[in-house]
Amino acid sequence: MRLGCSACLICIIAAFFAGAPGNVGAQAAPVARATVSGAVGVAEGAVVALAIAVARARFQEKYVESAGDLIGWNWRSVPLLVGPLEGITFGLAGDAPFANSIVGSASGFVIGATAGAVIGRLVSDSPESTWAGGIIGAGAGITVGRLLMGVLNWNDDGSESRSVPVVFYIAI
Amino acid sequence: MLPAYDPIPQPDLRDVESVLFLFGDAGAVREDDSPLLARLKKDIEDWSAELDADGSVMVIGLGDVVYPNGVSAPGTDAYHADTAIAMSQLRLVAGPNARRRGARVYFVAGNHDWKDDRDVEGFEQLKHLDALIEAVRARDDISVQLVPAAGTGGPHVIDWGRHFRLLLLDTSWWILQASDTAQTGMLSRIDAAISARGERDIMIMSHHPFISAGPHGGNISKRSGMGMRYPLSKSGAILQDITSLPYRRLEEGLRRIFERHEPPLIFAGGHEHSLQVIAGVKPTDPTINLVSGSVSKLADVGSERGMYFGRSAPGYMRIIVERNGGVTIFVESTDSDYMKCPANENERARCMRDGLAAFHTVYSQRLR
């Protein structure tokens, strides 16, 4: 879960700087936004690649031999390429899709991992089931959360009242 | 923190009924570059000379005879090198005393002997090893055998001495090849073999260990594999980990059998490239779990409940059974520098000599 925790932390920090009202980060240059968002995309891609590998193992009994299978040049590593590309796209699209897609990632990750772990625990007593549920849930949550929040805010004009979630006003 | 231990002296030779050696994962070294194989062969010779009953010395090779893909087909480029590696292990009982006293080596297949393959190619690869062993047995008149027979899960049952029944399983077959029906059949045969054991205690040997504090048991660095190895292992997504679904099914099946009868005294495996001694803590755990898979490769050892001993170093184990049924295990090991000696002839000769001399007992425990 270290990777997931790191991804979550990056998302929250990036979202903080990108979305805080009146913050300099709100006017971040497209290149800076794309870099941050691309980095979050790397973490997202890793979580999704893991989730796919775990889901295939648990539901289809198609296993990986090592972590290297997810990193090498094969279809399993596609999320590791798509994640950063998606992140860069949201970063270049504007402040609102940038900030909201990252918030979507973070919240999707947390909600998905929690729900998945709970379901995994309910369906089986084995410790692997809880982990598998958490990872699959995290992969689904981070994907849905990021795409949903990014796309829904795609044409946002970037005004603070619409692009920054209420939760961030409270936190700051 | 592992518990302190008091070294156990070697039992009086007059009291010893039989000796069992356990080694595993030797598929990357040969007898001319491995001090361990030389030392093991000497140990087998010495014990064969000392014990007065024929067949008292037995050796179990716990799988992964040849890395990385088992024995290739005869006529291929890799066959010669693969054969040289396998022969180094087959010749462990080729010394004069071992031959005279009928010392035996039984090999169980490891996942690499199956080429890690879930299709027919894996079975074909294992048949090459089986054919080689059969040819050597017929040609050189030494007692070597692949058990259970290639492509069957077993158990291969050996009644050893007066006190023990050994069940040898092909857990790689279970994980890579076995259908649901075949798995059920194997569990039924294990159940029957344990039911019919009489007064004997049970020892189970297979490539995969029952409990492990190594990477295949989920004890791995969180940074391993760019942080991905850890969650993959914890979620059972790596087939050769004992956390994978197929292995968990085997474990569940065995636990049900152990619940009906009683757990075995010893469950020994290789697969992990380390030396481990772990006491069972649950009612259906084997009493003692041994891991001896560090002949030619090393991997980290973490911690596990009930762990008495763990070391990432080249080594093998010796189990001594006394006439009164007493059982003592000895772990023989050396420094990792002597895992594989260099190719240069002078350096290799020195390394082999020093490595041989550097072996010593690093752990011993009386089980009863």
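**Stop one: where the chains meet**

Select both chains: 24 residues of chain A are in contact (heavy atoms within 4.5 Å) with 23 residues of chain B. This is a predicted model, so local features need pLDDT of at least 70 and side-chain atom pairs pLDDT 80 or more, while totals for chains, interfaces and linings use all residues. Side-chain values use heavy atoms, without hydrogens and water, residues are numbered from 1 along each chain as its sequence is written, and chains are lettered from A and ligands numbered from 1 in the order written.

Together the two chains bury about 2,000 Å², 65% of it on carbon and sulfur atoms; that's accessible area (1.4 Å probe) lost on being put together, summed over both parts.

Next, pick B:Arg248 and A:Glu128, whose side chains form a salt bridge at 2.4 Å, N to O. The count between the chains is two, taking a Lys or Arg side-chain nitrogen within 4 Å of an Asp or Glu carboxyl oxygen.

Now colour α1 (2-19), α2 (30-60), α3 (68-71) and α6 (127-152) of chain A: each supplies at least two residues of the side touching chain B. The largest share, seven residues, comes from α2(A).

**Stop two: the sheet in chain B**

Moving to chain B, find the open sheet of seven strands, ordered β5-β6-β7-β8-β10-β9-β11 with mixed pairing; strands pair if DSSP finds at least two bridges between them. Its edges are β5 (156-160) and β11 (307-311).

Zoom in on β6 (164-168) and β7 (201-205) of chain B, which pair in the parallel sense over five bridges. There, B:Leu166 has B:Met203 as its bridge partner.

Definitions and conventions: Helices (H or I, at least four residues) and strands (E, at least two) are DSSP runs, numbered from the N terminus.
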